[in-house]
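Dear colleague,

I am passing on the structure we spoke about, with notes on what turned up in it. Please read the notes with the model open beside them.

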Amino acid sequence: MNRTVTILLTTAVLAATMCGCAAKAEDKPSSWTIDFDGNATTGYSWESEIADEAVLTQTSAEYVDGNSDGAVGAGGVFRFTFDAAGPGTTTVTFSYARSWETVAPLITAVYEVTADEKLTITAKQISYTENKGTAGSGTGRPTNDETLLQTANDVAAAMKAQDFSALADYVHPEKGVTFTPYSAVNFETDRMVARADVEHFLSDDEEHHWGAYDGSGEAMELTNQAYWDAFVWNTDYSQADQISANEIVQTGNSMENLQEAYPDAVFVDYHFDQLDPQYEGMDWCSLKLVFEEYDGGLYLVGVVHGQWTI
């Protein structure tokens, strides 16, 4: 039997393909393969739990990366395969969650699986639950990491292309976007650029104050282009080693206060472990894109650069 079930969810798209092939008594037990769409770069993964392993055993579980075209943070497929162990009926519970969080899974899907006397498998979904209030629990922040990651990737694409007209569309209409050169957010010294000014960002060739240089403490007076090249797109973050939603990948000597400075925000950290092997990681760097909800959407409020500092 071949059957395809697709369930559209706010936080993820659940696509399940079930196959059970008729078997003769002397044939091997039939197998059942099911796929779930997900995105491992967000820290979430699908896990399975079989109620009765006398009926069903899991033979494999893998993540198939969908990043075939080089897209930043592209999702993929979590694939599970099971074999019939004996006749009977059991349930399999699939959960989409982060392993380190103690809150309820973002999504739970339950399937009823039956193996007949010939160990032919049939399966059907009997329930699914979407928990909207667990991710980022206690912060009041948006919970949809799929939407967050897609928005951040769109912003990163505009940054890579230096398409400031497109970038301006993502900037918060009221708060603008604040640029932070060294991890520690300081609204008194970091430069805020209004949405209207982002569209013409590179046409402004005057020097502006962006804070102070690490080590020397000298005032950072740079043109928009010079700051952009040194503290925003200093490398191609679309090819980052790691991309993390709402988790800071690496910290250095500079204070990391992003979550305190933006308590109602969500963010994506684009991180390189190193740029040149000869420096053995002392040239690590990151770009954190910070968003807040406004009028039903996510808007850019902060661009925080991180790097190895003295």
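**What was found**

Asparagine 246 is buried, at a relative accessible area of 7%, where buried means under 20% relative accessible area, exposed means over 50% and partly exposed covers what lies in between (1.4 Å probe, protein chains only). This is a predicted model, in which local features need pLDDT of at least 70 and side-chain atom pairs count only at pLDDT 80 or more, while totals for chains, interfaces and linings use all residues. Residues are numbered from 1 along each chain as its sequence is written, and side-chain values use heavy atoms, with hydrogens and water left out.

Asparagine 246 has a positive phi of about 60° although it is not a glycine, and its place is in the loop between strand 14 (242-245) and helix 5 (258-261); helices (H or I, at least four residues) and strands (E, at least two) are DSSP runs, numbered from the N terminus. Serine 183, likewise not a glycine, has a positive phi of about 65°. Serine 183 sits in the loop between strand 10 (177-180) and strand 11 (191-193), and it is buried, with a relative accessible area of 3%. As background, most residues other than glycine have a negative phi.

**The chain as a whole**

The protein chain contains five helices and 17 strands, and buried residues make up 46% of its 310 residues. Of the contacts (heavy atoms within 4.5 Å) with a separation of 6 or more, 59% are between residues 24 or more positions apart. The chain exposes about 14,700 Å², of which carbon and sulfur atoms supply 47%, the areas coming from the Shrake-Rupley method with a 1.4 Å probe and, for residues, with only the protein chains shown counted as cover.

**Aromatic rings**

How many aromatic pairs does a search of the whole structure find? The search finds 27, where rings of Phe, Tyr and Trp (its six-membered ring) pair if their centres lie within 6.5 Å, and planes under 30 degrees apart count as stacked, over 60 as edge-to-face and the rest as tilted. Phenylalanine 36 and tryptophan 46 form a stacked pair, 4.4 Å centre to centre with 25° between the planes. That pair links distant parts of the chain, with phenylalanine 36 in strand 3 (residues 31-38) and tryptophan 46 in strand 4 (residues 45-50), ten residues apart. Phenylalanine 36 is buried at 0% relative accessible area, and tryptophan 46 counts as buried at 3%.

Phenylalanine 82 and phenylalanine 94 form an edge-to-face pair, 6.1 Å centre to centre with 75° between the planes. Because phenylalanine 82 lies in strand 6 (residues 76-84) and phenylalanine 94 in strand 7, the pair ties together parts that are twelve residues apart in sequence; both residues are buried. Ring pairs also link a cluster whose members include Trp32, Phe36, Trp46, Phe82, Phe94 and Tyr111.

Tryptophan 32 is in strand 3 and counts as buried at 1% relative accessibility. Its C-alpha atom is separated by 6.8 Å from that of isoleucine 121, 89 residues apart along the chain.

**Nonpolar cores**

A nonpolar core is a set of buried Ala, Val, Leu, Ile, Met, Phe, Trp, Tyr and Cys residues joined through side-chain atoms within 4.5 Å. The largest has 40 residues, among which Met159, Phe179 and Leu289 touch the most other members, and its largest share, seven residues, comes from helix 1 (residues 145-161). A second, separate core of 24 residues includes Phe36, Phe94, Leu106 and Leu119.

**Polar contacts**

Threonine 90 is found in strand 7 (residues 88-97) and is buried, with a relative accessible area of 4%. A polar atom of its side chain lies 2.9 Å from the backbone nitrogen of aspartate 52.

Glutamine 125 lies in strand 9 (residues 121-130) and is partly exposed, with a relative accessible area of 23%. Its side chain makes a polar contact with the side chain of tyrosine 111 (3.2 Å); a polar contact is a pair of N or O atoms within 3.5 Å, and within protein one must be able to donate a hydrogen and the other to accept it, while residues adjacent in sequence count only if both atoms are side-chain atoms.

With best regards
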